[in-house]
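The sequence and structure are shown first.

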Amino acid sequence: IPEPIPKPIATMASDSPSFEGSSEVEISSMNCKGKPETIVLLNNGNSQQDMTHWSVDDEGTKHTFNFPDGFILEAGKFVEIVSGEVGDNTKSILYWKKQTVWNNDGDIATVLDKDGNIKAQMDCP
């Protein structure tokens, strides 16, 4: 009797906004060879994502970008994270640092949620 119960719960959980794995934030593109460098994150989910305490890490040289407190990535929207250039943050562009971050030889961009769970990764193409 206990075995059939988890199957319907798992099916229903995929539609639930409170489900731990419901985050649909992904890296849609990464340009690490030019200046400025960019990473584009897309929220493919159907609800907004509060990205307070989320980060993007560079495993190669251990640079870390921390999202601003209160940053919300709306459903269906993207945010571009820029390194190697300075500017004013907006809802669609966030500036990391003036220096370039990616060393173009196998760096991996890793998006971590507030609990340190990996939500997305992409190799520097």
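## Basis of the strand pairing

Two strands are taken to pair if DSSP finds at least two bridges between them. Strands S9 and S10 run antiparallel and are joined by five bridges. The model discussed here is predicted.

## The antiparallel sheet

An open sheet of four strands is arranged in the order S5-S4-S9-S10, and its pairing is antiparallel. Its edges are formed by strand S5 (64-66) and S10, each of which pairs on one side only. From one strand to the next, the twist averages 15°.

Within this sheet, S4 and S9 are antiparallel and share four bridges. Val-56 has Val-111 as its bridge partner in S9, and Asp-58 stands opposite Ala-109 of that strand. On the side of S10, Thr-110 is placed opposite Gln-121. S9 and S10 form a hairpin with five residues between them, and Gly-116 in the turn has a positive phi of about 85°. Four of the five residues of S9 are buried, so this strand is largely enclosed by the rest of the structure.

Ser-55 belongs to strand S4 (residues 55-58). Its relative accessible area is 9%, so Ser-55 is buried. Leaving out residues up to four places away in sequence, Ser-55 touches Thr-64, Phe-65, Asn-66, Phe-67, Thr-110, Val-111 and Leu-112.

## The mixed sheet

A further open sheet of four strands has the order S1-S2-S7-S8, with mixed pairing. Strand S1 (25-31) and strand S8 (93-95) are the edge strands, each pairing on one side only. The twist from one strand to the next averages 20° here.

Strand S2 (residues 37-43) pairs with strand S7 (residues 78-83) in the antiparallel sense over six bridges. In this pairing, Glu-80 of S7 is the bridge partner of Val-40.

In soluble globular proteins, nonpolar side chains tend to be buried together. The largest nonpolar core of this model has 23 residues, of which Ile-39, Leu-41, Met-51, Val-56, Phe-67, Trp-96 and Trp-102 touch the most other members. Two or more residues each are given to this core by S1, S2, S7 and strand S9 (108-112). S1 supplies the largest share, three residues.

What does Phe-67 touch, not counting residues up to four places away in sequence? The list consists of Leu-41, Met-51, His-53, Trp-54, Ser-55, Val-56, Val-79, Ile-81 and Leu-94. Among these contacts, Leu-41, Met-51 and Val-56 are themselves listed with Phe-67 as core residues that touch the most other members.

## The disulfide and its surroundings

The structure holds one disulfide. This bond joins Cys-32 to Cys-124, with an S to S distance of 1.6 Å. The torsion about the S-S bond is about 80°, so the disulfide is right-handed. Cys-32 lies in the loop between S1 and S2, whereas Cys-124 is in the segment after strand S10 (118-123), so the pair ties together parts that are 92 residues apart in sequence. Both ends are enclosed: Cys-32 is buried at 1% relative accessible area, and Cys-124 is buried at 10%.

Met-30 is located in strand S1 and counts as buried at 9% relative accessibility. The C-alpha atoms of Met-30 and Pro-125 are separated by 7.4 Å, although these residues are 95 residues apart along the chain. With neighbours within four places in sequence left aside, Met-30 is in contact with Thr-38, Ile-39, Trp-102, Ala-109, Met-122, Asp-123, Cys-124 and Pro-125.

## The salt bridge

How many salt bridges does the structure hold? There is one. The side chains of Asp-113 and Lys-119 meet in this salt bridge, at 3.8 Å from N to O.

Are the two partners buried or exposed? Asp-113 has a relative accessible area of 6% and is buried, whereas Lys-119, at 23% relative accessibility, counts as partly exposed.

Conventions. Residues are numbered from 1 along each chain as its sequence is written. This is a predicted model: local features need pLDDT of at least 70, side-chain atom pairs count only at pLDDT 80 or more; totals for chains, interfaces and linings use all residues. Side-chain values use heavy atoms; hydrogens and water are left out. Axes are lines fitted to C-alpha atoms, for helices over the stretch in contact, and angles run from 0 to 180 degrees between N-to-C directions. A nonpolar core is a set of buried Ala, Val, Leu, Ile, Met, Phe, Trp, Tyr and Cys residues joined through side-chain atoms within 4.5 Å. Buried means under 20% relative accessible area, exposed over 50%, partly exposed in between (1.4 Å probe, protein chains only). Contact means heavy atoms within 4.5 Å. A disulfide is a pair of cysteine sulfur atoms within 2.5 Å. A salt bridge is a side-chain nitrogen of Lys or Arg within 4 Å of a carboxyl oxygen of Asp or Glu.
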